[in-house]
Amino acid sequence: MGGLALLLQLIERGIHVVARNAGALIGVWGLGATFCYSGMAKLRRPTLAAMAIVDFGVGRTVRPVLGLTLGAIESVLGVGLERAA
């Protein structure tokens, strides 16, 4: 089994353990909604997200495609958390 498959399996197990508790279920859903909202904001204005990436020192140049990529990743993660909950 590859490293990525093992990591995804561990995340899936963790979500299922957390989702058993009603309070934790609300937290997972809230976190998913936050990721969705944040991802959509980055998809609407990718240049601002790319500027933040440069400001945090992760990238060297402002590339809007990086803002789009980050927004898409956050949106997919948010939807995945909400579906798992």
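Biologist: Where is Arg60 found?
Modeller: Arg60 is found in the loop between H3 and H4, where helices (H or I, at least four residues) and strands (E, at least two) are DSSP runs, numbered from the N terminus. This is a predicted model, in which local features need pLDDT of at least 70 and side-chain atom pairs count only at pLDDT 80 or more, while totals for chains, interfaces and linings use all residues. Residues are numbered from 1 along each chain as its sequence is written, and side-chain values use heavy atoms, with hydrogens and water left out.

Biologist: Is Arg60 buried or exposed?
Modeller: Arg60 counts as exposed, at 84% relative accessibility; here buried means under 20% relative accessible area, exposed means over 50%, and partly exposed is in between (1.4 Å probe, protein chains only). From C-alpha to C-alpha, Arg60 and Ala50 are 9.9 Å apart in space and ten residues apart in sequence.

Biologist: OK, stepping back, how many helices and strands are there?
Modeller: The protein chain has four helices and zero strands, and its pattern along the sequence reads α-α-α-α. The protein chain is more spread out than a compact globule, because its radius of gyration is 15 Å, well over the 12 Å that the globule rule gives for 85 residues. That radius is taken over C-alpha atoms, and the rule is 2.2 Å times the number of residues to the power 0.38.

Biologist: What box do the C-alpha atoms fill, and what percentage of the residues count as buried?
Modeller: Taken along the principal axes, the box is roughly 40 × 30 × 20 Å. Of the 85 residues in the protein chain, 20% count as buried.

Biologist: What does Glu74 touch?
Modeller: Not counting residues up to four places away in sequence, Glu74 touches Phe35, Cys36, Ser38, Gly39 and Lys42, a contact meaning heavy atoms within 4.5 Å.

Biologist: And which residues is Ser75 in contact with?
Modeller: Leaving aside neighbours within four places in sequence, Ser75 is in contact with Phe35, Cys36, Gly39, Met40 and Leu43.

Biologist: What about Leu70, where does that one lie?
Modeller: Leu70 lies in helix H4 and is partly exposed, with a relative accessible area of 30%. Leaving aside neighbours within four places in sequence, Leu70 is in contact with Lys42 and Ile53. The C-alpha atoms of Leu70 and Ala50 are separated by 8.8 Å, although the two are 20 residues apart along the chain.

Biologist: Changing topic, which element has the lowest mean pLDDT?
Modeller: Helix H1 (residues 3-19) has the lowest, at 75, and helix H3 (residues 46-55) has the highest, at 94; pLDDT is the predictor's confidence in each residue, from 0 to 100. For the protein chain, the mean pLDDT is 85, and 91% of the residues reach 70 or more.

Biologist: So what about Gln9, where is its place?
Modeller: The place of Gln9 is in helix H1, and at 28% relative accessibility Gln9 counts as partly exposed.
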